[in-house]
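Keep the viewer open as you read.

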Amino acid sequence: MRLSWIPFLLLLSTACSRPVPTVNADARQRPVAWSPAAIEAARSIPLQHEGRVKPFDTLAAFTLYLVHGRRDMQFTFGGPDANWDGKPKNVLTPTEWLLDVWCFPEQANQYPLFRIENAKALDFLFPDEAHAQQQDFVYVSYRKLVEPVAPDRPTPIARLMQQVRELRARQAVKDMEYDEQALVHLHDQFFTYNTLVRTVESLHMPYLLKGDRLQALFGGKGRATYAEVLGKARDVATLAGYLRSLPEAERGTGVMIADELKMLGEEEDSGPALFVPPPAAAPGDHTPDHEKWFQLGDLARLALAGQLQEKQQQQLAALEEVATAESMPARERAILAFRELAVAAAGQRGEFEKVDLEAKYYAWSLHYHALHWFLPGFLAVALSWVLMPFNRRLTSLAGWVAFAFTTIGLGYLTADLVLRCLITERPPIKNLYDTFLFICAIGVAAALVAELITRLRVALAVAPFLGAVLIMLARVFEVSDGSDTMRQLQAVLDSNYWLATHVTTINMGYAAGMLAMLIADVWLLLRAFRVAERNQAFLKTIVRMTYGVTCFGLLFTVVGTILGGVWANDSWGRFWGWDPKENGALLICLAQVALLHGRLCGWFRDFTFSLLAGVTGMLVAFSWFHVNLLNVGLHSYGFSTGLKSAVFTFYGIQTLLLVIGVLGHLARSLSIVRRVDNPAGTDAGGAWRPGAASADPR
Amino acid sequence: MNAATATPSANPSTTRPTAPAPARSPLRLVFDLLASMKLTVVLMGLLALLTLTGTLAQTVDGIYYVQKQYFESWGLWANVSLGDDLTVPVPLPGAVPVLGLLFVNLLVGGIARMRWRQRNLGILTAHFGIALLLVAGYVKLSVSFSGHLSLPEGAIGSTIRSFQEWELALLWQEGDQVFERTIPGATIENATGPSPVRLTGEGLPFMVDVSYFQEHCTPALKTAMFQSATPVVDGVCLVGDPKLIGTWPKDRDNRLAGCYVQIVENGARGAMGMLWAPDLLPTNVAAPHRPWAFEAGGRKWGLELRHKVWNLPYDLRLDKFRKSEHPGTTMARDFSSFVTVLEPGSMPREAHIYMNEPLRKDGFVFYQTSFGPDPKRPGKFYSTFEVANNPSDKWPEWSCYVIGIGLLGHFIWKLSLFIAAENRRRHEYEVRA
């Protein structure tokens, strides 16, 4: 009998009132912090999860995003044996956190892990606690969810499961109320973490050996580890066959152990797989048997069939040492040993190279570096505007510095995109997250080109601003979405040709639409606040820039939209289905065509043109993100609830800017009427000299 | 002067008086209006408004109904939401007149009236591409049809069933052959109450009254628990009330229509029958044909409410279905069908249909749409193909190339002009400085 086998299910039952049983009581708390060498080694341990081989750190980071809403774990540990490293506040990297989860589950289960933002969800889970004074969110530990709040009362998680079961039976999640969706979300977060905890749970629970024959198999020992039991799994199974013929009282634990191994081997588990199978017999063998890595349960199945190979046994022994060794140095040596074995085995299958690159990619965090260049770049260009009336040389210098900083930021961003392409072996956009980085890069590059042509420092101001905002939004989306940004593609998207053509072109159109909107916003604000009012050439050039970027955008949105239809024709049997995603793209095309035709026929003068370019930017946001919130149509792989509030915030800010532009225009119209009465005017001392701005050499 | 570079005069007093324009004939006025770029802008605005309201309406009504109401109609009343409980009906033209007018506007203003000069070559090319795209859409709307063909592994089939359209079929047997006459579902869809739509046919010894048509319903045993709004036949009635059977599926693909029929022979009404159409949904390949049978004029007849069917001129056999998942997950990586086209007088032709790779054969295109476990044979699958017949299948792709080339050429030319002008301006400034 296992000393303590997954008592979790028992805890879930309403009758259960036991706390989580202690596991491996000798090593419940981590005595010291993980060494940098161990962390560095663990970061790039290859494992298979959600259909792809990825680094340990990626799994840890995205699980943290999903359940914790942050990339790190911060907490102040209470209790008599707390603060083992002497710090009042502990901050764990994703890798350290996952090492704790697998090696010190008792401790990790007490971390303030689950981020609960919904007050009603909190009241539902802990009805006896006062939550009236809570802030935006509360962190709750795993342990608090699985322990009963009072004797003879069900655990919070048991009540949550019951409630979610009823809710799901009644309606689809997307049709639920906001508070109900929060409960379902918390439920899913809990099981994501629980799956992770269970990945190596068997290693923490030695088997109790009862019965002379069974003990004789293990050299007279009273307990055996999981690795030891798997080493003699076939003998145990044979023995169990004999023991079944004996009266129950004389069987010992041999039958139960054999049954449990069989059950483990048959379990389907969505958790990560840590054990590398041997290389495929034939190159390019994509049969599931050769592609799927092994979990602990798979090892039990292989052991019972006598197919457990020596390398897998070595990996298992090393992992058991990582999880259960008495001392930290021993655990850390085992981490290095386990990594070495896993890397060698994955390398033989040609699956480690990309893992190593991915671990480095996240360590380098290139787009974050880009943000660090965009922000000072924007400050530099702002400085150049401030200095302009006073010192031409400094103005020029600040402009060049801004250009250099923004270019360096773009370089980092481009390198980031290239690395993502190399790791995934796909074109730059595979999912919504990628669109942020790609649109950011294209938008910044187009703005820099516009700046090189016009030299007004308007596009130069827009470039780092756009870059910084989109990178920050990408980070927000990454956290709120909480899913691997290099995840496998749905079958319908599995086409590098269409990803490289349709998806890329339509997103270039989005980038141009956003850029045109920002330049138009600048024009509206300059006009509203009467900056450079005397320099019509300068203002005209800004409008021409908006016009040019809109032309650039139209080419890509039209071609991208039609290419999308051609792809849909090959996948779904129709070119156009008035699906929300298709309609969103069409809206941008219509708006841009209307803009250009209205401009050509003289209907849209500078003000109307800029105003409508601002509206077109809102349509870009509608197509890019809002349609994904509607949950309608065939583009279900893009449905998302992330950034809902950001989309509406953007609408609000952009509307405000347009209203300011309209008010400024109205005020200006009134002032023109006044100026007609007094043609000489009184505002000749403006900051801009007529005809000079567009040719400002910086 | 080019409108793009014109600046409005700030002082009305300096405006030069212009000579009165010569009177234009009404025909000329219409021509000018149709060729007007301002009309283009108005039509773009209307289409954008229609697209935006139609997209938002899809969250309530589903794609099929919105498509019919907004994008395949001449006009509509759109419900514009002004709050949680406040909607205002706003009249809008449907996409048919808007796109039709746009096509005329494009031909007259964008092609015929445009100056055929080298500088306009790019724009003219793009306009030709858009015209081709609009024609492709019109051909698709008016000529094409599509449905699905669901086959279990090893089965042969040639009957395509519509996803959304229904029809009423009258069946009779002569010798070994079954004959049928069909009536489009649109004919009976308005008979939603007790007042019947009467159907007659040349040579038929009877008429059929159709009543209580319901777009989505399910047969239910009449109990004391509910009041039936429809007739009860042999203790069973068709229930469509969402309060009793749950919210209707948003998409018409998943709705199951039903109606009541009564045979009228020699002025006398016969027994009432109940028709329901759960027929071969893609997920229900094993559903049996169960027409409602009756006798009239000394012969046996059958009536069947079903999704509209077409027959292919050849058979398709599903030899094998294959699916693969990403390792360790249930997420489909690929699913594909190996089929054989069986055509009388020709050698069997094997083909592989998978995502993004349809089979094209004699104007029909077969797309891998769906799959599922064969309910009759464990371990085997059925595969569903969407089958479309669209003469303009490839036209959008060609139009894309034409538009792309046209726009690219035009904008590169415009960009070069812009760069030259900016360089000139900067040079002049430097000389002045």
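Predicted model: local features only at pLDDT ≥ 70, side-chain atom pairs only at ≥ 80, totals over all residues.

Two strands count as paired if DSSP finds at least two bridges between them. Strand β7 (residues 207–214) of chain B and strand β10 (residues 258–265) of chain B are joined by six bridges. The two strands run antiparallel. One position to look up is B:V210, whose bridge partner in β10(B) is B:V261.

Now widen the view to the sheet. β7 and β10 belong to an open sheet of four strands in chain B, ordered β6-β7-β10-β11. Its pairing is antiparallel. Which strands stand at the edges? They are β6 (197–199) and β11 (268–276) of chain B. Each has a single partner strand, so one side of each has no neighbour in the sheet. From one strand to the next, the twist averages 25°.

Next, move to where the chains meet. Here 62 residues of chain B are in contact with 64 residues of chain A. On the chain B side, the elements that give two or more residues include the helices α2 (37–71), α4 (121–143) and α7 (395–432).

Chain A comes next. Its domain assignment gives domain 1 (11–201), domain 2 (203–350), domain 3 (365–485) and domain 4 (492–632 + 643–675). Look at the contact between domain 1 and domain 2 of chain A. Domain 1 brings 26 residues to it, and domain 2 brings 25 residues. On the domain 1 side, α2 (36–43), β1 (46–49), α4 (94–103) and α9 (178–198) of chain A each supply at least two residues. β1(A) gives the most, with four residues. The classes on this side of domain 1 are 17 nonpolar, six polar and three charged residues.

Finally, go inside. How many residues does the largest nonpolar core have? It has 163 residues. Those with the most contacts inside this core are A:V462, A:L466, A:L515 and A:I519. Take A:V462 and leave aside its neighbours within four places in sequence. A:V462 is then in contact with A:A447, A:L515, A:L518, A:I519 and A:V522.

Key: Residues numbered from 1 in each chain as written. Chains lettered and ligands numbered in written order. Domains from an automatic or database assignment. Contact = placed C-beta atoms within 7 Å. Nonpolar A, V, L, I, M, F, W, Y, C, P; charged D, E, K, R; others polar. Core = buried A, V, L, I, M, F, W, Y, C linked by C-beta atoms within 7 Å. Buried ≥ 20, exposed ≤ 12 C-beta atoms within 10 Å, placed from the backbone. Axes fitted to C-alpha atoms, helices over the stretch in contact; angles between N-to-C directions.
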